[in-house]
Amino acid sequence: MEIRKTGLKLAKSKPKFVDLVRETEDTFDLHTEIKAAPEVFDAEMLKIFEEGWVFVAHESQVPAPGDYKTSTIGTQPIVVSRNEDGEIYVLLNRCRHRGTVVCRADTGHSNFFRCPYHGWTYANDGSLVGMAMAEGWPKDFDRSELGLKKAARVARYRGLIFASLAEEGPTLEEHLAPAKKYIDAWFDRSPLGSISVIPTAHKYPYPGNWKWQAENGYDGYHGNFVHESWQRVLELAGEAPVSDIRKFRRGGRAVGLKNGHGLLERPGGLNPAASWAGRMMVTHPEYAVALRENFDEEYIDYVSSRRNIFIFPNLYLFDTHLRVINPVTVDSTEVYLYVYGLDGVPEEMNEGRFRAHERFYGPTGFGAPDDVEIFVSNQTGGNARGVEWSIYSRGMHRETVNEEGEFEGHSTDEAPVRAFYREWKRCMA
Ligand code: FES
Ligand SMILES: [Fe+2]
């Protein structure tokens, strides 16, 4: 589907950034321009992506010295590079001569980054180690200050690497704190508490705003509509009747966390008939033994819940993959899906997870392509500017707030997406 580009600018009479999110006690609305105005996008790249913490890679994607992975912070190209000292560097992917990207592959291994334009060469920690035809530069030309520029701050949590281009601001620990217990449970599905990303990603670009993807992964409301065909496939295959799938999809809860994070949580448990983890513990007794070596039954029950966890602003932790959102322009986005294995589990268990991933999320899967189609329709509908506001208040009348400041709602409620836009507003103020 083609989308019509209006190129409209946020007119003076239109709301300021913070006024694009309108909240009262029982209403929550977003202005159309929040996903359509180039000025909003430009400000987001600065205020949300460059000043905040952005996920850039998982440690298993750069396991050895010389390994690298390219990505972006907002729209700025970066290289995540493992140096020979074992350290991980996050470098701006821009030659200090005339600005060409020095690394053009998604991932790889190299002892240096050589600029393709005139051959300036940088070590894996970014330092400038060679200038081609050096006699053209004066002898006292200071190379020491001309390394690839480093991200101001880099920090990790459980192998997830984050970077910030701002010298100051909350620490990564502070940023992740409201989501930490959910991230921990997600990793603890592995008896070793860790994951290994499979080397190549699959990616889907779509002609729409990046926030459509951010809003979708914990949206428990759309499943019975957008993924109806998937439910029918499961029924036709004799795996589960549509009525059972719909019942399952209504269970659980949607939670909005502080700092813009959020999750969709489906009930787990140790009953093999009702939970994936429970089933795996029966099918692979060694998995059950390994989990029980680490945790008590209560925590294993907690770990067994299925969670789609969003880490503001660009990362989803899904049961089969890490999903990374790379904004390109106001109406263009690239999404990377990095499938991972759970460390320390039987190989067949991971194989089963990979096949399940392909079936729903893969390029020819029955699920994710339908979501992407919706993102395009969302952006296209936004061109109908005769309506200015969209409604995000589902479940506000019945959600609860606990002492940790978590907004908890029914699994089909819009509690997490409201948490996202509250943080959006705070950043953009
Ligand atoms: S632009 Fe990189 S060496 Fe000239
Ligand atoms: Fe979906």
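Start with the largest nonpolar core, which has 94 residues. A nonpolar core is a set of buried Ala, Val, Leu, Ile, Met, Phe, Trp, Tyr and Cys residues joined through C-beta atoms within 7 Å. Buried means that 20 or more other C-beta atoms lie within 10 Å of a residue's own; 12 or fewer makes a residue exposed, anything in between partly exposed, and C-beta atoms are placed from the backbone. Select Val56, Val80 and Ile309: these have the most contacts inside the core. Helices (H or I, at least four residues) and strands (E, at least two) are DSSP runs, numbered from the N terminus. Color by domain next. Domain 1 (54-157) and domain 2 (176-267 + 305-428) both supply residues to this core, so it lies between them.

A word on conventions. This is a predicted model, in which local features need pLDDT of at least 70 and side-chain atom pairs count only at pLDDT 80 or more, while totals for chains, interfaces and linings use all residues. Residues are numbered from 1 along each chain as its sequence is written, and chains are lettered from A and ligands numbered from 1 in the order in which they are written.

**Val56**

Zoom in on Val56. Leaving aside neighbours within four places in sequence, Val56 is in contact with Ser71, Ile73, Ile78, Val80, Val90, Ile161, Phe162 and Ala163. Contact means C-beta atoms, placed from the backbone, within 7 Å.

Select residues 160-164, strand β12. Five of its five residues are buried. Leu160, Phe162 and Ser164 point one way, while Ile161 and Ala163 point the other way. In a regular strand the side chains alternate between the two faces of the sheet.

Four bridges join β3 to β12, and the two run antiparallel. Strands pair if DSSP finds at least two bridges between them. Look for His58, which stands opposite Leu160 in β12.

Arg153 has Ser164 as its bridge partner in β12. The hairpin of β11 and β12 has two residues between the strands. Pick Arg158 in that loop. Its phi is near 50°, a positive value in a residue other than glycine. Arg158 counts as partly exposed, because it has 16 C-beta neighbours inside 10 Å.

**The domain boundary**

Show both domains. Their bounds come from an automatic or database domain assignment. The C-alpha centres of domain 1 and domain 2 lie 32 Å apart. Across the boundary, 10 residues of domain 1 are in contact with 14 residues of domain 2. On the side of domain 1 that touches domain 2, the largest share, three residues, comes from β3. By class, that side has three nonpolar, seven polar and no charged residues. Here Ala, Val, Leu, Ile, Met, Phe, Trp, Tyr, Cys and Pro count as nonpolar, Asp, Glu, Lys and Arg as charged, and the others, Gly among them, as polar.

**A three-strand sheet**

Move to β8, β9 and β10. They form an open sheet in the order β8-β9-β10, with antiparallel pairing. β8 (113-114) and β10 (128-130) stand at the edges with a single partner strand each, so one side of each is left without a neighbour in the sheet. Two bridges join β9 (residues 121-122) to β10. Thr121 stands opposite Gly130 in β10.

**Two loops**

Select Phe312 and Pro313. The peptide bond between them is cis, with omega near 5°. Pro313 sits in the loop between β17 (306-311) and β18 (315-317).

Now pick Asn259, in the loop between β15 (253-256) and β16 (262-266). Asn259 is not a glycine, yet its phi is positive, about 65°. Is Asn259 buried or exposed? Asn259 is buried, with 22 other C-beta atoms within 10 Å.

**Helix α12**

Find Val376 in helix α12 (residues 368-381). Val376 counts as partly exposed, with 17 C-beta neighbours inside 10 Å. Draw a distance to Ser332: the C-alpha atoms are separated by 9.8 Å, though the residues are 44 apart along the chain.

**Zoom out**

Show the whole protein. The secondary structure comes to 13 helices and 23 strands. The C-alpha trace spans about 75 × 60 × 45 Å along its principal axes. Of the 429 residues, 41% count as buried.

Conventions
Contact = placed C-beta atoms within 7 Å.
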